[in-house]
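Hi,

Here's the structure I promised to pass on. My notes on it follow below.

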Amino acid sequence: MVVFNQYLTFLNDLATVDGMSQPPAIEVSGLTKRFGEVQALSGVDLAVEPGTVYGLLGPNGAGKTTTVRVLTTIIRPDAGIARVLGIDVTKDPQRVRQSIGLAGQYAAVDEVLTGRENLELVGQLTHQSRSVVTKRADELLERFGLSHAADRSLKTYSGGMRRRLDLAASLVHRPPVLFLDEPTTGLDPKSRNDLWDMIRELVADGTTLLLTTQYLEEADVLADRIAVIDRGTVIADGTAAELKAQMGATVLEISFVDARGADAALATIASVVPGAETDGAVVRAPVYDGAKTAMEVLRAIDAAGLDVGGLTVREPSLDDVFLTLTGHRAEEIDPRPDDSDVAPAAAPGGAQ
Amino acid sequence: MTAPEASIAVTVPRTAAASPSIEATGSKLSWAVKDTLALAKRNLLHYTRVPQLLVFTFIQPIMFVLLFRYVFGGSIAVPGGYVNYLMPGIFGQTVVFGATSTAIGLAEDLGGGIIERFRSLPMVRMSVLAGRTGADVVRNTGVVIVMFIVGFAVGFRPHGGVPRIVLGAALVLAFAFALSWVMALVGLKVANGEAAQAVAFPLMFPLTFASSVFVRVDTMPGWLQGFAAHQPVTVVVNAARGLMLGPEASAQLRAVGTFTTSTTSYVLQSVAWIAAILAIFVPLAVRQFNKS
Ligand SMILES: Nc1ncnc2c1ncn2[C@@H]1O[C@H](COP(=O)(O)OP(=O)(O)OP(=O)(O)O)[C@@H](O)[C@H]1O
Ligand SMILES: [Mg+2]
């Protein structure tokens, strides 16, 4: 570790001297993994800057968990490179394990033990001294609002409490790189918001976080950068703003009394907005340069004397991004019927 | 979020803060021991907190003692009295049945996701298996002590002397440890608690009942004697019996044909069985664990 720190310091110096950017905290290229018939990953590429939050967004069966399991040394990829803090996960997994924390998709805690015992067990297994472990457990129980339940068996915990304990367990050894696989799935809106706050607090001190989610809003709220993953490949990546910009457009939705009005309006504005289309009595016009085109559209409709029933201006959501990129909505069930069923049952420690 | 430029400066001290504790506590061997102890403690806590496990561990063998001592025992004639013959058998039967809990415990861990976390921690992986089989040695020791007391209460009076009685118990426990590794392999293969039980039981049943545990092998039909007299449970139980009951009783048992060889030979055969089982199944279980 000492050597490694020197290496980091060296890179840091290099970066300041030459103005080079620092190496990514997580680096993945060309990652593939196959489970029998299922190609879970077919060439995943990612780069996560140190101290940032990276959101891996994708529907059921996209390959999020598989990517996380490779990066956390639980499974070996078939091909490709995965590095955490510059260390190759297949060549030196033991060193990678010293720097990572994982809260998997399914809470990996011991149901029989108490909350405190669970944290202390992880502390011992990460080779910290007893006094450090005891203090750290107290601190984390307090921070995650579990002090009152610290000495109760996990059987008495609610789903939200169990999630928080699982997250706490991933932090016992203060890992500089953290992986959270769908941290808020199954939580009610309030617990989700609470957990978001805790995650924000966590990363405020420089932890690098890779987070997977099926919730567009979650990626938007928490992540600095987002990769959209579908069927084992990253199909887009960037900041939330970049992804939205890539999709272009603010969408102008103008509704009319009937479909005839909408058709007439479409004919009128076709030259101004070529991408416009009708949907029943509604005209949808994507506008790429904001106000200017929007005004033109409205003027043309007004000049044609058409009766406008309603007008909405919609900024693109990540849902639109997903729909445009994949042709299906993110929260739809995975269209491949037999794949999506395998994932939940197989994920925790199934055959690899 | 922290600006990317600032973060290396933040990351380095954080890593540095984590590493001393990881480095300070020493070599790989001492980690292996510490991890094994931590996990053994966790597994033992399960035995004390899950009522079904407690019943399975302690109540079931007591019921076997009562059943054979008072219900069936009257019709089984053995030189030296049936209760003395029975108790070393009970020790053997208890640890053989108990070994299935190694399979069930490991399988449940594998199915339950906590192994996922273990695999992402810098712990020594082998300690998951060692912590499980180690905890089972501690549990078996406790069970044998309790069964000894129960036996004493129902009239068990071994005359082998303390050192030989302890040696006999140690042999049974060592055999149980070896069986734990067989069962560890079963648990790792099936990775499901109920399936583990389903696989383990048909293995354990003939080993326990087609043996010298409860009855005299020399009263069985000839075709069965061939198996029953030489299979490891009989060998180990007879070794413990010979040691615990003392030379006089063993000579009597040999005279009527219940023992087919001397106690010393049973002891040596037991040691050979234990060594062979360990030599085969420890590597197999470790390989299976690394694979899954
Ligand atoms: N151990 C396994 N054995 C067989 N197939 C697997 C295994 N793990 C994953 N898969 C398959 O690989 C594909 C990707 O799964 P993965 O768990 O990575 O998806 P995910 O994006 O995490 O999905 P979800 O949102 O449902 O958690 C799925 O089709 C899944 O069925
Ligand atoms: Mg998943």
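Of the 292 residues in chain B, 54% are buried, meaning under 20% relative accessible area with a 1.4 Å probe and protein chains only (exposed is over 50%, partly exposed in between). Keep in mind that this is a predicted model, where local features need pLDDT of at least 70, side-chain atom pairs count only at pLDDT 80 or more, and totals for chains, interfaces and linings use all residues. Residues are numbered from 1 along each chain as its sequence is written, chains are lettered from A and ligands numbered from 1 in the order in which they are written, and side-chain values use heavy atoms, with hydrogens and water left out.

Chain B has 12 helices and zero strands (DSSP runs numbered from the N terminus: H or I of at least four residues for helices, E of at least two for strands). Its C-alpha trace spans about 85 × 35 × 35 Å along the principal axes. Among contacts (heavy atoms within 4.5 Å) in chain B with a separation of 6 or more, 76% are between residues 24 or more positions apart.

On the surface, Leu66(B), Leu67(B), Tyr70(B), Val71(B) and Phe72(B) make a nonpolar patch, with about 460 Å² of accessible area together. Areas are Shrake-Rupley with a 1.4 Å probe, and for residues only the protein chains shown count as cover. Leu66(B) sits in helix α3 (residues 51-72) of chain B and is partly exposed, at 39% relative accessible area.

Cheers

Note on methods: Patches are made of residues with over 30% relative accessible area and no salt bridge: like charges are joined within 9 Å, nonpolar side chains (Val, Leu, Ile, Met, Phe, Trp, Tyr) within 5 Å. A salt bridge is a side-chain nitrogen of Lys or Arg within 4 Å of a carboxyl oxygen of Asp or Glu.
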